[in-house]
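Here are my notes for your first pass through this model. Keep the structure open beside you and check each point in turn.

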Amino acid sequence: MEDENFEDENFDQHIDPLEKALKDGASPEEIRQICCDRVIPDEHRAEIWKICLNVKNKPDCLSDWKEELNMEQQLIVREDCMREIAKLQLDDHEKEAQMLCDMEAILTYYCHARQTTYEKENGWPEILLPFAALGLSRADLYNCFYAFISKLIPKQCHRSSRPYQVFRLLLQYHDPELCLFLDTEKISPEMYMRPWFRSLFESMFQLKVTQTFWDIYFIQNDPFLLFFAALVLLLNIKDVIMNMKGNSREKICEQIKNLPEHVKAADVADFISLAKYYEARTPISLKWKYFTPLYGSSENEDQFDDLFNLLCLPISVKEIIEAQESPSENIVAYFVVDCRPAEQYNIGHLPTAFHLDANLMLQEPTEFAAAVQALLSTKKHFIENYSQSAGEHMCFIGSGRELEDQYLHMVIAYFLQRNMKNVSVVHGGYAALGNLQSDTLDPQLAELISTLVLKYSSKDEQSSTADERESSESDSASKGGGLVSRLSSSIKQRSTKFFSTSTSDSNRHLKPDTSGKPYRAQKPVFSIGDDDHEEESGGSQKEVVNIFTWKKRSDVVYYCSCKQIIDDGSTINGHLILTASLLFVLHDILNRQNLVTIEGRHELKSIVKITAKKNNPNIITFKFGFADGNDVKVISIQRFWIDKADKATKVITDCIVKLISEEESNQTETHDTQTEVFKL
């Protein structure tokens, strides 16, 4: 039902400034400041719409046209225009005839000028009607229509499915559950949204609602507001849609398609506010990536090549870097999840990236599930403590190489299937870092990124052919402001040497000790290698992990902070983490909040003695070794200062006793079983 008496009660105070601004030749910016998203007075609507569309005082394009209404589709054009004009229910037949003449002439001229064919249900008569209802001259009517088609309507939205696939990515980002339901029912967005997009809701709204909506829309001058308005409509009746499970696809589509009919003029301000709310909480990469393909003048189809292959919303690495450099200035706060293998993550990663090895999903499902739970617990912890290092928006990043990222999409699908909102992926992964400009970056961040760029451009890391590498390096060098081109040769040489000596061995901190017999008849234990020797021989780097993630692991029995005492008497801040069979020693990384290195993984069975100093019971000594006949050989001694050390040593001792008892019990059961078999 049309809101005939709707008007903004608070607008009176704005009329005088508005009239003055119009008289002085107001710009869209001045109109925006004066109106503040409010409804435009009827008497000023025509003038303001022309200003916002930048067509005021534009020349008359139809002045030299002979008005030849001779298109093959002329009858269809006339019928479509008559159907639209009938909505106005005019009593003045002369005005109605003039409106029909103007609309038909404009659509015919547009087809001639653009050398295009008129198609039924393309939305053009629907777009013309609100302008014609204002009584504009034919010249202004055409200029407004042309500007509207060129700037505010997604290209080919009446026939192409591409704009609706972009919308699907947006819906999935904010409500994966609703998106999955519609996908399951095989309902694609174009099945219910074409009438919305092709006419900017005019075909669904009453005229007064359309005018009110277009008032704000023109002033905002943001064509993507259309996508977020459509998103608000769907989210507003999510429960209704979800409860229609079991209904036919046609019935569900009809229910959704008719949603705009329930919007009243008085609802428009809140409607737009909600749309802007979701727009502010959506990565800006959506506009960066799809503005030109959807609204630009280019007809390049290649810009949509990957659209239908995307699993989730792609984010530019530039946006991630900017969000990390200025977290307080962004509503969209990211929780970056690095899904590369551990050895690549340890070589270098974005400062606030958390690690989740995608390969674990198939290789170690149980460990992967535990890592996911720890990751989500860490995310929750950071958000609850208002940390600037992480936010609600989970963004996954891989290497950017198809072969290495083969499990990345499986991990993303894992989270989407569990209805995780705000999931995205960095487009191009770490390999895309080379496209960044270093001029505005923090120097430390720029150097880190430079190192990562070198890794993904080094010859021994590339999977492409030599010719492709040379071409890539040439392209990078041609970009004068690029990070690679700004590096000094000394940094390049050091970084290349560093990467070439790193190893992919996931157990690079551990090496088997075979010098003696197993302790208590067990398999040989692992011990820490000589760090100095490894560094001199170009050995592997220590694994870097997030302490919050590790503390939350499901297999952790006990955790405490500590200080490891080095041979020269100095101390290093660190942590001890105990599982049912392992003792982990971790060291804090200087100036890297929450990041630690794994200094040692000790099997509990390798702990042969635990002692405490009499004069300082908080200093604990662990001796690691194995049994050699009746003797015990000690191969490593490590000392720690631990607050409340008595509790820590009791928990560790209890775990050792429990572990040995269980193994001895298993051996007894095995022996008894063998005896019974012998008797039989």
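Helices (H or I, at least four residues) and strands (E, at least two) are DSSP runs, numbered from the N terminus. This is a predicted model: local features need pLDDT of at least 70, side-chain atom pairs count only at pLDDT 80 or more, and totals for chains, interfaces and linings use all residues. Residues are numbered from 1 along each chain as its sequence is written, and side-chain values use heavy atoms, with hydrogens and water left out.

1. **Helix 3.** Start with residues 42–52, which form helix 3. Buried means under 20% relative accessible area, exposed means over 50%, and partly exposed lies in between (1.4 Å probe, protein chains only). The buried residues include His-44, Ile-48 and Trp-49. Just after helix 3, Asn-54 has a positive phi of about 60°.

2. **A pair across the chain.** Rings of Phe, Tyr and Trp (its six-membered ring) pair if their centres lie within 6.5 Å; planes under 30 degrees apart count as stacked, over 60 as edge-to-face and the rest as tilted. The count by this rule is 41 aromatic pairs. Take Trp-49 and Phe-218: their ring centres are 5.1 Å apart and their planes stand at 80°, so the pair is edge-to-face. This pair links distant parts of the chain, with Trp-49 in helix 3 and Phe-218 in helix 11 (residues 207–220), 169 residues apart. Both Trp-49 and Phe-218 are buried.

3. **A pair within one helix.** How far apart are the ring centres of Phe-291 and Tyr-295? They are 5.8 Å apart, and the planes are at 35°, so this pair is tilted. Phe-291 and Tyr-295 are four residues apart in helix 16 (residues 285–295), so about one helical turn separates them. An α-helix has 3.6 residues a turn, so residues three or four places apart point the same way. Phe-291 is partly exposed, because its relative accessibility is 39%. Tyr-295 is buried, because its value is 6%.

4. **A ring cluster.** Ring pairs also join several residues into a cluster, among them Trp-65, Tyr-109, Trp-124 and Phe-145.

5. **Charges over rings.** A charge sits over a ring if NZ of Lys or CZ of Arg is within 6 Å of the ring centre and within 35 degrees of the ring normal. Arg-340 lies over the face of Tyr-430, at 3.8 Å from the ring centre.

6. Two strands pair if DSSP finds at least two bridges between them. Eight strands make an open sheet, in the order 8-12-11-10-9-15-14-13, with antiparallel pairing. Strand 8 (544–546) and strand 13 are at the edges, each with a single partner strand, so one side of each has no neighbour in the sheet.

7. **Two strand pairs.** Strand 13 (residues 607–612) and strand 14 (residues 619–628) run antiparallel and are joined by five bridges. They form a hairpin with six residues between them. Ala-612 has Ile-620 of strand 14 as its bridge partner. Strand 9 (residues 558–565) and strand 10 (residues 571–578) are also antiparallel, with eight bridges. There, Ser-561 is partnered with His-575 in strand 10.

8. **Cysteines.** A disulfide is a pair of cysteine sulfur atoms within 2.5 Å. The count here is zero. Cys-560 is buried, with a relative accessible area of 7%.
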